[in-house]
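I opened my notebook to get to know a structure that was new to me.

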Amino acid sequence: MWKLVQIELFKIFHKPRTYIAFAAIAAIVGLIQLGFYVDGETYIKFGMQTLSDSFNVEGKILNGYLLAYIILQTLLIHVPLLIALVAGDMISGEANMGTLRLLVSKPVSRTKLIISKFLASAVYTLALLIWMAVWALFLSMLIFGADDMIIMKSEVVTQILQSDTLWRYVAAFGFAALAMLTVASLAFFLSIFAENSIGPIMACMSIIIVFTILNTLNLPIFNAVKPYLFTSHMLGWKGFFDVQVNSNNEQIVGSVENLPAVLRSAGILAAHIVIFLGASVYIFNRKDILS
Amino acid sequence: MHKIIEVKDLSKQFSGITVVDRLSFSVFKGDVFGFLGQNGAGKSTTIRMLLTLIRPTGGQIKIFGKDLNQSRNEILGKVGAVIEKPDLYKYLSGLDNLSLFARLSGKSFTRRELAIKLGQVGLEDRGGDKVRTYSQGMKQRLGIAVSLVHDPDLIILDEPTNGLDPQGIADIRNLIQMLSMDQQKTFLVSSHLLGEMEQIANRILIIDKGKKIIEGSVRELVDPAKLVLEIETTDNIDCRTKLETTFWNEHLRKSAYSGKLILDISRDEIPMLVRQLVEMDVQVISLKPVNSLEEYFLSLTKEKAHVETGTN
């Protein structure tokens, strides 16, 4: 199996389109960092206006941790497209090139072939997130420094101690990886039915957009299905930045306010991955290769 | 003789349409087996079923004496194939493609060994170049190299000389003959170039609308003594009129279109015909024997006579 994954990775990382996503993330993160570097203080002052009237806020509010949070929030909506670009091409791209028939006629079971292809797209997804973490978190920390992290959520202001932040990012990126793997598994599943990669990529993005719209509509008819839509759980990483408080309203270092909800979301995403991958294996094993 | 492929009552339907209809045939060790049929006859579907790309609706396939369903990986490890077009990874080099498919077949080679294998198909100087820079003929050669890279016992080639120049066609023909004779490799070759097939195949199968029309050795099916001869003269109409008044009238095809002069003739009769044409003062430009297998194939597929020979 490892040999097959190696072959698939070799193919992925020799394809020019693979690097579009890495370049896009570097460019977007770079632009956001440049914007905050030039005009970040004004932005922060405006955001902190009401808070500054009542409290004396000291320290470096605009720091690497805060910027990474802003970037993560912005980018995780767009990254699925970059993931689908490669995962949606895994089978359909081979069918389009005509290499699928040669691949399937080799002495490798279709199940192993499909699992190795998925594992290779999972490695690509993780590589993309690590790349994003390096640019969004570590480069931001290098440019803007590190300090306590202040997040404003509607009426609540959370201050997370500097020493209590890094592990939360590790956990958040881990959760984001799970969310992106769900997108990858969906795009991968759709790519079984197509003979060019445009279809699965478009279909994957359309499903995400439709599900996201359903999430935002507060209608009873949709409320029943919302908990089961994977898009409802994709932003579950934010849960790691909600800190539990004790009876004196003091933060408990190393705590997560609603860990069961975060874990439940992770479980639902993992279940989606298993379902999409299982369906891919089942259908691909019964498919006539006509490309 | 040792059977390498044994196909029995193989059928395939797509949405109720029968594409392959209870097809049975056998390929023996060392055969260069020509698989012939018009476009849409079911050749590619049959080849895809032999390579497990398509699931048969019915029937049985045995390769190397083992059931294809039960021993798929073991069998496919000893099979090499070019299916329709030799599509490969265009963004990789020829050597990378070769290495990748060798590894998928469970074999590993050094770059030097792979370069030697590319040399077999005349691509030794282009191995490091990306496949996207290759001509159609070079891709075809690389496809054949890929099918041979893991040293298979059975090689299935679908239109292997497509896109090749005459020298390339001759090279592939020589390669097939060399591998078949020296190494006892078995080939199943589908092609529409019947002249080519006649030169390389020792046995053929002709199918039409998914059904077997005939199977047997080329020697059995095509009498080399009988020829179809096309004559081109400075005035074909005048020549036809003259021939119609002679003994050759019986040999002259009446249905020949656009003034063509076509005669069914034996090889021994050609000198006599030439002499008579000269005596009749006919200015002959050329005498061209029409390929006999092609003629045979066309007559069979036109008549759609489903005849079984005793070979199966």
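**Ground rules.** I noted that this is a predicted model, in which local features need pLDDT of at least 70, side-chain atom pairs count only at pLDDT 80 or more, and totals for chains, interfaces and linings use all residues. Residues are numbered from 1 along each chain as its sequence is written, while chains are lettered from A and ligands numbered from 1 in the order in which they are written.

**Chain B, overall.** I looked up the helices and strands and found 11 helices and 13 strands in chain B. Both are DSSP runs numbered from the N terminus: helices are H or I with at least four residues, strands are E with at least two. The C-alpha trace of chain B spans about 70 × 45 × 35 Å along its principal axes. I also checked burial: 40% of the 312 residues of chain B count as buried. Here, buried means that 20 or more other C-beta atoms lie within 10 Å of the residue's own, exposed means 12 or fewer, and partly exposed is in between, with C-beta atoms placed from the backbone. Among contacts in chain B with a separation of 6 or more, 71% join residues 24 or more positions apart. Two residues are in contact if their C-beta atoms, placed from the backbone, lie within 7 Å.

D9(B) sits in strand β1 (residues 3–14) of chain B. It is exposed, because 12 other C-beta atoms lie within 10 Å. Q184(B), also not a glycine, has a positive phi of about 60°. I located Q184(B) in the loop between α6 (166–183) and β8 (186–190) of chain B. With 11 other C-beta atoms within 10 Å, Q184(B) is exposed.

**Where the chains meet.** Ala, Val, Leu, Ile, Met, Phe, Trp, Tyr, Cys and Pro count as nonpolar, Asp, Glu, Lys and Arg as charged, and the others, Gly among them, as polar.

**α1 against α8 in chain A.** I saw that the axes of α1(A) and α8(A) come within 8 Å and cross at roughly 50°. The axes are lines fitted to C-alpha atoms, over the stretch in contact for helices, and angles run from 0 to 180 degrees between N-to-C directions. That angle makes α1(A) oblique to α8(A). Under 35 degrees would be roughly parallel, over 145 roughly antiparallel and 65 to 115 roughly perpendicular, with the rest oblique. The contact residues divide into 9 nonpolar, 1 polar and 3 charged.

**α2 against α4 in chain A.** Helix α2 (residues 18–47) and helix α4 (residues 64–75) have axes that come within 11 Å and cross at roughly 135°. The two are therefore oblique to each other. I28(A), V29(A), I32(A), Q33(A) and F36(A) of α2(A) make the contact with L67(A), I71(A) and L75(A) of α4(A). I counted the classes here as 7 nonpolar, 1 polar and no charged residues.

**L129 in chain A.** Is L129(A) buried or exposed? L129(A) is buried, with 22 other C-beta atoms within 10 Å. It lies in helix α8 (residues 110–144) of chain A. Leaving out residues up to four places away in sequence, L129(A) touches F173(A), A176(A), A177(A) and M180(A).

The 26 residues of helix α9 (residues 166–191) should span 38 Å at 1.5 Å a residue, and the end C-alpha atoms are 37 Å apart, which agrees. The expected span is 1.5 Å times one less than the number of residues. In α9(A), 21 of the 26 residues are buried, so the helix is largely enclosed by the rest of the structure. I then turned to α12(A), whose buried residues include V262(A), L269(A) and F276(A). The buried residues of α12(A) pack against α8 and α9 of chain A.
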